[in-house]
Amino acid sequence: MQTTPHHQEQDLSGLAPEEVALQAVQEHAGQKGNLLPILHAIQDRIACIPESVVPVLAEQLALSRAEIHGVISFYAHFRTQPHATHTLEICRAEACQARGGLELTAHARRRLNCDFHENSDDGQYTLEPVYCLGLCAQSPAVMLDGVPHARVTPEKLDALLSSQEAQS
């Protein structure tokens, strides 16, 4: 059985998402349990799994649209829209929640005008939950573009975002 590498590099610029989905289906044809590898292939190539590919996948795989959508929405890794320029992850683990994480989350949602798994209106930030950054003793913690930050207050978050915006 031949499988496609998880991060296959291919120039698919100019292809419609539906065409990318058809290619992924063809590459994984005959593979048992091929929905997850197909979804990964689509997202790896076009940065998300747009709603427009769901009917294509349902038809090609003889599954219902609800089954396809259920898998996409179940796995937090899958996105229906591309990530923004920057990613802000806020720790949702108990230690961070106990030391101001709820207030920090509320502040980030207001500041970015978006919820978890969404992009800010200006397209600069994607807000994501994370369930432990290993900074429990220094909570609450966030990660901005892969860089962890500890003891984050709403004011410190504002400073981090302002600094990031000044660099962009």
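# An aromatic cluster and its helix neighbours

Phe74, Tyr75 and Phe78 form one aromatic cluster. This is a predicted model: local features need pLDDT of at least 70, side-chain atom pairs count only at pLDDT 80 or more, and totals for chains, interfaces and linings use all residues. Residues are numbered from 1 along each chain as its sequence is written, and side-chain values use heavy atoms, with hydrogens and water left out.

Trainee: How many aromatic pairs does a search of the whole structure find?

Mentor: Let's begin with what counts: rings of Phe, Tyr and Trp (its six-membered ring) pair if their centres lie within 6.5 Å. Planes under 30 degrees apart count as stacked, over 60 as edge-to-face and the rest as tilted. With that rule, the number of aromatic pairs found in the whole structure is two.

Trainee: Is Phe78 buried or exposed?

Mentor: The cut-offs are simple: buried means under 20% relative accessible area, exposed over 50%, and partly exposed in between (1.4 Å probe, protein chains only). Phe74 has 64% and counts as exposed, while Tyr75 has 37% and is partly exposed. Phe78 has a relative accessible area of 7%, so it is buried.

Trainee: Which residues is Phe78 in contact with, leaving aside its neighbours within four places in sequence?

Mentor: Phe78 sits in the loop between H4 and strand E1 (86-91). Helices (H or I, at least four residues) and strands (E, at least two) are DSSP runs, numbered from the N terminus. Contact means heavy atoms within 4.5 Å. By that rule, the partners of Phe78 are Leu36, Leu39, His40, Gln43, Ile49, Val71 and Ile72.

Trainee: Why is H3 given its orientation to H4?

Mentor: Helix H3 (residues 54-61) and helix H4 (residues 65-74) have axes 8 Å apart and pack at about 120°. Axes are lines fitted to C-alpha atoms, for helices over the stretch in contact, and angles run from 0 to 180 degrees between N-to-C directions. Angles under 35 degrees count as roughly parallel, over 145 as roughly antiparallel, 65 to 115 as roughly perpendicular and the rest as oblique. The angle therefore makes H3, relative to H4, oblique.

Trainee: By class, what residues does the contact of H3 with H4 have?

Mentor: H3 contributes Val54, Pro55, Leu57, Ala58 and Leu61, and H4 contributes Arg65, Ile68 and Ile72. Ala, Val, Leu, Ile, Met, Phe, Trp, Tyr, Cys and Pro count as nonpolar, Asp, Glu, Lys and Arg as charged, and the others, Gly among them, as polar. The contact therefore divides, under that scheme, into seven nonpolar, no polar and one charged residues.

Trainee: How are H1 and H3 oriented to each other?

Mentor: Helix H1 (residues 17-27) packs on H3 at about 30°, with the axes 9 Å apart. Glu18, Ala21, Leu22 and Val25 of H1 meet Val56, Leu57, Gln60 and Leu61 of H3. Given their angle, H1 and H3 are therefore roughly parallel.

Trainee: Which residues does the cis peptide bond join?

Mentor: Most residues other than glycine have a negative phi, and most peptide bonds are trans. Here omega is about -5°, and the proline involved is in the loop between strand E3 (125-130) and strand E4 (142-144). The cis bond joins Ser139 and Pro140.

Trainee: What is the phi of Cys132?

Mentor: Cys132 is found in the loop between E3 and E4, and counts as partly exposed at 41% relative accessibility. Although Cys132 is not a glycine, its phi is positive, at about 150°.

Trainee: Where is Asp145 found?

Mentor: Asp145 is another residue other than glycine with a positive phi, near 50°. Its relative accessible area is 35%, so Asp145 is partly exposed. Its place is the loop between E4 and strand E5 (147-149).
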